[in-house]
Amino acid sequence: MSALLEVENLRVSFPTRSGVVEAVRGVSFTLGRERLGIVGESGSGKSITGRTIAGLLPESRRVSVSGSVRLLGQEMIGAAKPAWQKVRREVVSMIFQDPLSFLNPTMTVGRQVEEACRSDDRGGDRRKSALDYMAMSGLPSPAETARRYPFELSGGMRQRILIAIALAKRPQLIIADEPTTALDVTVQAKVLESLDESVTKLGTSLIMISHDLAVVAKLCDYVYVMYHGEVVEAGPTVKVFRQPRHDYTRLLLAGVRSLTSPNVRLAGFEPAIEA
């Protein structure tokens, strides 16, 4: 039986005024029913990797993509647009870091979650399904919240709406790209808790893309460390964070002392107030 996701020798390059930039260089990994964290500084190639897997790179002949991305055994590199649309509708959902850029300001958030629901969900009762997914994502008073527009919600609530939309598709894989970067620490922790519980409940695989090692320690079974487009270290999260082998990983960990202390659990956030 094929793995959910197989990435082999993935390379992505863009032309610039100073020459061709290879943003992703030979990335390979396999993902089953697990949670994978991809970490690295800005420009390391982690977000480009996630967008390539979801088929969300800019449509341009100037963008070069090679290698292999197989979802449920189907090769997606070079696939036609309808094939990618089907995959994003049925297999992969993405959660981005800026909800206002992806939510329709002219529609209530409940309607937007409702439109994401699968047609076979709840026997066709999409409104009921939408409220269920909103509750699952940690939104208080889903029925009341559903009647509101994006600009009427806080940043934490908008982020939970994106999570609800992703869950409503009932995907087999969620790719979360820096989903809590713009939130303060207490709201961030609560949103991550909602995502954690939702993914666990639905049995969905997760790729968490983040520069925040504490986030990955909280959520992920495995971690890939990217630097200049390459994976420089990979393995079980606990092992990589406790016994880093690459200098770049050690540098990232140097600023997060709690992750390297033997007396502190890798997964652990202080209790947070409701956003």
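I count two strands as paired if DSSP finds at least two bridges between them. With that settled, I opened this predicted model and went looking for strand partners.

**Entry 1: β7 and β8.** I looked up I174 and found it opposite L206 in β8.

Entry 2: Which order do the 6 strands take? I read β6-β7-β8-β3-β9-β10, an open sheet with mixed pairing. The edges belong to β6 (92-95) and β10 (230-236); each has a single partner strand, so one side of each is left without a neighbour in the sheet.

Entry 3: I moved on to another open sheet, with the order β2-β1-β4-β5 and antiparallel pairing. Why do β2 and β5 each have a side without a neighbour in the sheet? Both stand at the edges, β2 as residues 19-31 and β5 as residues 74-75, and each has a single partner strand, so one side stays without a neighbour.

**Entry 4: β1 and β4.** How many bridges join β1 to β4? I found 7, between residues 5-16 of β1 and residues 64-71 of β4, with the strands running antiparallel. One residue I followed across was R11, whose bridge partner in β4 is S66.

**Entry 5: a helix over the strands.** Last, I looked at α1, residues 46-53, and saw that this helix lies across β1, β2 and β4. Against β1, helix α1 runs at about 115°.

Note on methods: Residues numbered from 1 in each chain as written. Predicted model: local features only at pLDDT ≥ 70, side-chain atom pairs only at ≥ 80, totals over all residues. Heavy atoms only, no water. Helix = DSSP H or I, 4+ residues; strand = E, 2+ residues; numbered from the N terminus. Contact = heavy atoms within 4.5 Å. Axes fitted to C-alpha atoms, helices over the stretch in contact; angles between N-to-C directions.
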